[in-house]
Number of protein chains: 2
Amino acid sequence: MARPTIADIAQRAGVSKGAVSFALNGRPGVSEATRERILRIAEQMAWRPHSAARALGASRVDSVGMVIARPARTLGVEPFFAHLLSGVQSGLSAESISLQLLIVEDTEAEIEVYRRWNSEHRVDGVILVDLTVRDPRIDELKALEMPAVVIGGRGGKGQLASVWADDRDAMLTIVEYLAALGHRRIAHVAGTPVFQHTQRRIRAVRDAAPRLGLLDAPSLTTDFSDAEGAATTRRLLAQADRPTAIVYDSDVMAVAGLGVAMEMGVSVPGDLSIVAFDDSILTQLMHPALTAMSRDTFDFGRQAAEVLLEVIADPATVVNRRTADPVLTVRESTAPPS
Amino acid sequence: MARPTIADIAQRAGVSKGAVSFALNGRPGVSEATRERILRIAEQMAWRPHSAARALGASRVDSVGMVIARPARTLGVEPFFAHLLSGVQSGLSAESISLQLLIVEDTEAEIEVYRRWNSEHRVDGVILVDLTVRDPRIDELKALEMPAVVIGGRGGKGQLASVWADDRDAMLTIVEYLAALGHRRIAHVAGTPVFQHTQRRIRAVRDAAPRLGLLDAPSLTTDFSDAEGAATTRRLLAQADRPTAIVYDSDVMAVAGLGVAMEMGVSVPGDLSIVAFDDSILTQLMHPALTAMSRDTFDFGRQAAEVLLEVIADPATVVNRRTADPVLTVRESTAPPS
DNA sequence: AGGGTTTGATAAACCGGTATAGCTCCCGAA
DNA sequence: TTCGGGAGCTATACCGGTTTATCAAACCCT
């Protein structure tokens, strides 16, 4: 027999399909003795539920989705997504729920995917990343009544559940660390201002500057690419009163910045301290190795999965879970200014 | 009405469910006039097939799977997977087939996933990566009769369909290029010998050495990690008659090797030429930028998806598609030996 | 004109589960 | 002694599609 169905089990156990269903799902309706007998037979026949059949009757699909809207070109350099994915899956695997991953070009395409997933019943819920200010996805998902959890930002007026780390605090930690070393000219090479986390980091720098007595603390926005990271660094270092420390919003930009500094004969950390907001193998491979803000991305993903499952179980829930704070890993790229 | 079903459409069109099904799937059984009317109504009601219902009746799920068996830690540095994924999806999206992605720790877990997917009917087929010598997955998938396509290697005695690039030729190109520059001591920092592509590259170096008059051409295996890449480089450069050129099997190891060279005061490309087998942003970010073998990974994935769909349509097909040859991108890390 | 084939459609079975109404015992309380 | 009620199980409807058997009407040929 190719793939046994519950009807096969029922026949073999001499009971009805319903009884088998009860037994296999641990719900009342059969005696302990019968349940055990059925479970033994199911085990022995290597029965597995047919996911489609289950999805049709009940309305859960045991599958959640995640769409990443980034041009393929800029994707994959940061280990961020890979770790996040692993984490999400470890959070899902406990309930043996599968993950659909989709990479699309832009937010419009992403929303289209949500619509399709919704009408085709392909997923029970979704995980959102790269939250922007006034993110159109939030309203859309609300309208579709699709369970969702936002990673890395509040879910818009508390509408959606979210899992987030305290970017503001992390950025303050970095700036305070640099100020404590004696730096007074600190520059911030930020990401794209449409992202909420970029905004929060920029605000954190701006707010901390006067308190720490910084002479100058500009935040310069980029598109997160190595090219713009390098160009911005070049502009900064060409200034008469150039910064003695630069904070980069991503590890890729920090590495690009380090390259520019070396090329311009600016020694790191002698003449310039460099801090990367995100940590990865990249920062560790450099010479000097870069001081970086490390987040437990894996755990981030795991928690997002957990929260999503809660929301799916009870769509009324709105959790706003704050994850462990990022910690600053000091390496060789930071020192007191000369 | 929340989500219209074909019954709703049938009622509105004044026909039976069956007629609607025929019309929507473009099969004979309804007149052109009726078909058009039904299609218009379906369009107007924004009908979408319920994926589970369709999967239950027919036996296709319109979903394919891909399992990556690597410890999360080593994952995600190389843009390889991200690009591959994008490519696979672009190949699948035409037929609006979705992709299930799973990251697991080892091959054993991977096989377990295939078994589960098979018995739960979760996917119509799978894509295999990181083919090893005598890969146990091939026999398993054959036994499960699950459509599959292998990326980056032949599918074991022509059993499974595959999509591959010519590693051997690519490696020969690199070695010939270095020999033409005048190098006679070339070392090869390889990956894990369990992988077929590693074996092929090692053999290519060994075979080419005498023909090109190389004095020495050792292939040293590693676990692909930056740590072992660095350690191996250190050993090589400490030798009395150290190599004048090193070929690395991955971009990460090449970068680590470059770091070691700089640290030991070996100038690149003055005293040592470096070539990375895989290209990525990493190699471009370095100073000097690394000469590297570039593959069109996106296209690789796209083709794998296409072949898989062919195999799913007709399980008897065994395609062995060879993709475009990788090309050597010469940058600043290679020069004639001093 | 009559018998056979084609066309266009329908009703019902089916896929493999889940949910529910209902039936039969059996036990305890009134 | 009877009745209520819960435990244990069966039968059946149902989820939303696909597929098949069936059938009436039209069409075709000699």
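**Entry 1: DNA strand C.** I first listed the residues near this strand, a residue being near if its C-beta atom, placed from the backbone, lies within 6 Å of it. I found that 25 residues surround DNA strand C, and that the closest are Ala53(A), Gly57(A), Ser16(B), Gly18(B) and Ala19(B). Two or more residues of this surface come from each of α2 (17-24) and α4 (51-57) of chain A, and likewise from α2 (17-24) and α4 (51-57) of chain B. I take helices (H or I, at least four residues) and strands (E, at least two) as DSSP runs, numbered from the N terminus. By class, I note 10 nonpolar, 12 polar and 3 charged residues near DNA strand C. Here Ala, Val, Leu, Ile, Met, Phe, Trp, Tyr, Cys and Pro count as nonpolar, Asp, Glu, Lys and Arg as charged, and the others, Gly among them, as polar.

**Entry 2: conventions.** The model is predicted: local features need pLDDT of at least 70, side-chain atom pairs count only at pLDDT 80 or more, and totals for chains, interfaces and linings use all residues. Residues are numbered from 1 along each chain as its sequence is written, while chains are lettered from A and ligands numbered from 1 in the order in which they are written.

**Entry 3: DNA strand D.** I repeated the search for DNA strand D, which 25 residues surround; the closest are Ser16(A), Gly18(A), Gly18(B), Ala53(B) and Gly57(B). The residues near DNA strand D comprise 10 nonpolar, 12 polar and 3 charged.

**Entry 4: the two protein chains.** How is chain A laid on chain B? I superposed the copies by least squares on the C-alpha atoms of residues with pLDDT of at least 70 in both. A turn of 180° with a shift of 0.1 Å along the axis gives an RMSD of 0.2 Å. That is the relation of a two-fold axis. The same surface serves both copies, since 100% of the contact residues of chain A recur in chain B; contact requires C-beta atoms, placed from the backbone, within 7 Å. Chain A and chain B each bring 43 residues to the contact. On chain A, the elements that each supply at least two residues are α4, α5 (80-93), β2 (98-104), α6 (107-119), α11 (251-263) and α12 (281-285). This side of chain A has 24 nonpolar, 12 polar and 7 charged residues.

**Entry 5: backbone features.** I found a cis peptide bond between Val268(A) and Pro269(A), with omega about 5°; Pro269(A) is in the loop between α11 and β9 (273-276) of chain A. In chain B, the bond from Val268(B) to Pro269(B) is also cis, with omega near 5°.

Asp62(B), not a glycine, has a positive phi of about 55° and is found in the loop between α4 and β1 (63-69) of chain B. His121(B) likewise has a positive phi of about 55°, in the loop between α6 (107-119) and β3 (125-128) of chain B.

Is each of these residues buried or exposed? A residue is buried if 20 or more other C-beta atoms, placed from the backbone, lie within 10 Å of its own, exposed if 12 or fewer, and partly exposed in between. Asp62(B) is partly exposed because it has 19 such atoms within 10 Å, whereas His121(B) is buried because it has 20.

How values were computed. Contact = placed C-beta atoms within 7 Å.
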